Amino acid sequence: MKIGILSDIHSNLEALKAVLYQAKKEHVDEYFCLGDIVGYGANPNECIDIVRELTTRIVAGNHDFGVCNLTDISYFNDVAKKAIEWTRTVIKKENMDFLKSLPLAMEYQNVFFVHSTPSSPDEWDYILSMNDAMREFSFFENPACFVGHSHQPVIFTINAYNEIGVSIDELLVFNNSKRYIINAGSVGQPRDGNPRASFLVYNVDDKSITFSRIKYDVKKAQTNILNAGLPPFLAQRLGIGR
Ligand code: ZN
């Protein structure tokens, strides 16, 4: 069985459609969404509708909870805050209720899923360094944990001697003597200098992970952002993947 793992869609309908087209070609059986369906982009309702059709396995991101006032957005940067406020004005009530209902973490197929960190899912910290990863490995018991939030795909490992490794290989086959924290990157707003949409496929049968980068209609996503009256920076950054 193949699970398509999508994170940080951020209301980018063009990127989401391109990723799902590719996932279909790869015969993905089911989906998991790691949160931040909304925020930054111009198509929150369309993206929520599609994700709700795809799966019930969805965890909340800080932007999802920001829109429905379940997390404080005073620490968000200016453009993020503006996008949250704009999203509140256009989101359908049923989609707002749906975002409110999302859990912060979930276990499925003996894997842990959370948007930010296993240690404190509602504090929205990042796992960026080997030190961050070292701390987080003690807060879940499964062989692997999938995260999002940083918009940068990466794989952290820990071995039996508590040694941490970091890599960004496209293909990973799980080694039984290691545990993993895997960031799926971002569908709708990549920040690793590569503007292509990021997602991964977890093959439950052979315990492998494949990362993909997908070209999509960036121009259209940018035009949608500008037409919505959102900050132009949110359009520009999609072109450079930062
Ligand atoms: Zn995000």
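This is a predicted model: local features need pLDDT of at least 70, side-chain atom pairs count only at pLDDT 80 or more; totals for chains, interfaces and linings use all residues.
One of its polar atoms lies 2.8 Å from the backbone nitrogen of Arg 57.

## The zinc site

Which residues coordinate the zinc ion? They are Asp 8 (OD), His 10 (NE2), Asp 36 (OD) and His 151 (NE2). The distances run from 2.0 to 2.4 Å. Along the chain, the donors follow the spacing D-x1-H-x25-D-x114-H. Asp 8 belongs to the loop between β1 (2-6) and α1 (13-25), and Asp 36 to the loop between β2 (30-33) and α2, so this pair ties together parts that are 28 residues apart in sequence.

Asp 8 has a relative accessible area of 0% and is buried. Asp 36 is at 1% and also counts as buried.

The geometry of the site is irregular, with angles of 86 to 177° among the four donor atoms. Why is the site not tetrahedral? Four donors count as tetrahedral only if all angles lie between 85 and 135 degrees, and the range here reaches 177°.

## Asn 203 at the end of β10

Asn 203 lies in strand β10, which covers residues 197-203. Is Asn 203 buried or exposed? With a relative accessible area of 16%, Asn 203 is buried.

The side chain of Asn 203 has polar atoms placed by two backbone nitrogens. The backbone nitrogen of Asp 205 lies 2.9 Å from a polar atom of this side chain. For the backbone nitrogen of Asp 206, the distance to a polar atom of the Asn 203 side chain is 3.2 Å. Leaving aside neighbours within four places in sequence, Asn 203 is in contact with Met 1, Lys 2 and Ser 208.

## The α7 and α8 pair

Helix α7 spans residues 218-227, and helix α8 spans residues 232-240. Their axes come within 8 Å. They cross at roughly 170°. The two helices are therefore roughly antiparallel to each other; the cut-off for that label is over 145 degrees.

Which residues make the contact? From α7 come Val 218, Ala 221, Gln 222, Ile 225 and Leu 226. From α8 come Pro 232, Leu 234, Ala 235, Gln 236, Leu 238 and Gly 239.

Methods: Residues are numbered from 1 along each chain as its sequence is written. Side-chain values use heavy atoms; hydrogens and water are left out. A polar contact is a pair of N or O atoms within 3.5 Å; within protein, one must be able to donate a hydrogen and the other to accept it, and residues adjacent in sequence count only if both atoms are side-chain atoms. Donors are N, O and S atoms within 2.8 Å of the metal (3.2 Å for Na, K and Ca); water is not among the atoms, so sites may look incomplete. Four donors count as tetrahedral if all angles lie between 85 and 135 degrees; four count as square planar and six as octahedral if opposite donors are over 155 degrees apart and all others between 65 and 115; anything else is irregular. Helices (H or I, at least four residues) and strands (E, at least two) are DSSP runs, numbered from the N terminus. Buried means under 20% relative accessible area, exposed over 50%, partly exposed in between (1.4 Å probe, protein chains only). Axes are lines fitted to C-alpha atoms, for helices over the stretch in contact, and angles run from 0 to 180 degrees between N-to-C directions. Angles under 35 degrees count as roughly parallel, over 145 as roughly antiparallel, 65 to 115 as roughly perpendicular and the rest as oblique. Contact means heavy atoms within 4.5 Å.
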